[in-house]
Amino acid sequence: MPRAGELTYYQSLGERGRRFALNKPFTGRERGLVMMEIGAMLTLLPPTPARVLECGCGTGWLTHFLQKCGYQATGVDVAPAAIELARTNAVLGTPGAAEFHVMDVEAMTFDNQFDAVVFYAALHHALDEEAALRSAYRALRPGGVCVTSEPGTGHGRKGAGAAAKWDTTEKDMPPKHIARLGKKVGFRRSVYYPQGRDLGRLVFTQDPLGGNALIRFLLSLRPTRYLASLWLMLGHKRNKGITVLYK
Ligand SMILES: C[S@@+](CC[C@H](N)C(=O)[O-])C[C@H]1O[C@@H](n2cnc3c(N)ncnc32)[C@H](O)[C@@H]1O
């Protein structure tokens, strides 16, 4: 069962917040990076047509996007208000073309039905992520894949304010943790990838990337950014990245 705030989050957001959530991925300063992330995840999915389940779909924008790409797409979310928004969300989708259900990802009723399961910024909201992954495993047919893109190490600390404000769950969800639990619930193999958005931030944006004065100076130089992206690809992806689990 989720924390109480997860169930009422979309009511608490207010009109402006709901509009922002409905219009993803076109909203927000980071829209280009979000699209890179979605592009990376899409590349890791089986070819169309295939049956894809999105867990914690919110307003359904990604489920609709997957449907437009040619997948038979289903989205689930525990918040009834989210599913109501998802069913009528016409920003990317044709209402009715994708299927939506109010469902707790920790106890989904699907069995052996999907070629792929996707978690985008949702697994770290589960109180029991092992139960969620077990449920995803059960939903997949043999040979199916589970693709996750989650905030990594350090997110629990950064998200503590939001968790207290909304009464939601925010926790670290690094690929190494997802892979360990994936193995425990039956997945036979896992592979880590860096996040498309992190690579994009390093390579394409002009953003100051944080750190002390020396790090900021080094990261203002293109060659250092390219070297740092190599570090993301080779080393850091265990702590923050995309995880693919194979059934
Ligand atoms: C950060 S939001 C991300 C939503 C969507 N993936 C997006 O990117 O806009 C996390 C979502 O997980 C949902 N959620 C939290 N706990 C859940 C659970 N136990 N089962 C299903 N959905 C859950 C929330 O309702 C919320 O829509």
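Biologist: Which residues of H4 are buried?
Modeller: In this predicted model, the buried residues of H4 are Trp61, Leu62, Thr63, His64, Phe65, Leu66 and Gln67. A residue is buried if 20 or more other C-beta atoms lie within 10 Å of its own, exposed if 12 or fewer, and partly exposed in between, with C-beta atoms placed from the backbone. Helices (H or I, at least four residues) and strands (E, at least two) are DSSP runs, numbered from the N terminus.

Biologist: Which residue just after H4 takes a positive phi?
Modeller: That residue is Gly70, with a phi of about 115°.

Biologist: Turning to Met1, is it buried or exposed?
Modeller: Met1 counts as exposed, because it has 11 C-beta neighbours inside 10 Å. Met1 lies in the segment before helix H1 (4-12).

Biologist: Which residues does Met1 touch?
Modeller: Leaving out residues up to four places away in sequence, Met1 touches Asp104 and Leu127.

Biologist: How are the residues numbered, and which cut-offs apply to the model?
Modeller: Numbering starts from 1 along each chain as its sequence is written. Because the model is predicted, local features need pLDDT of at least 70 and side-chain atom pairs count only at pLDDT 80 or more, while totals for chains, interfaces and linings use all residues.

Terms used: Two residues are in contact if their C-beta atoms, placed from the backbone, lie within 7 Å.
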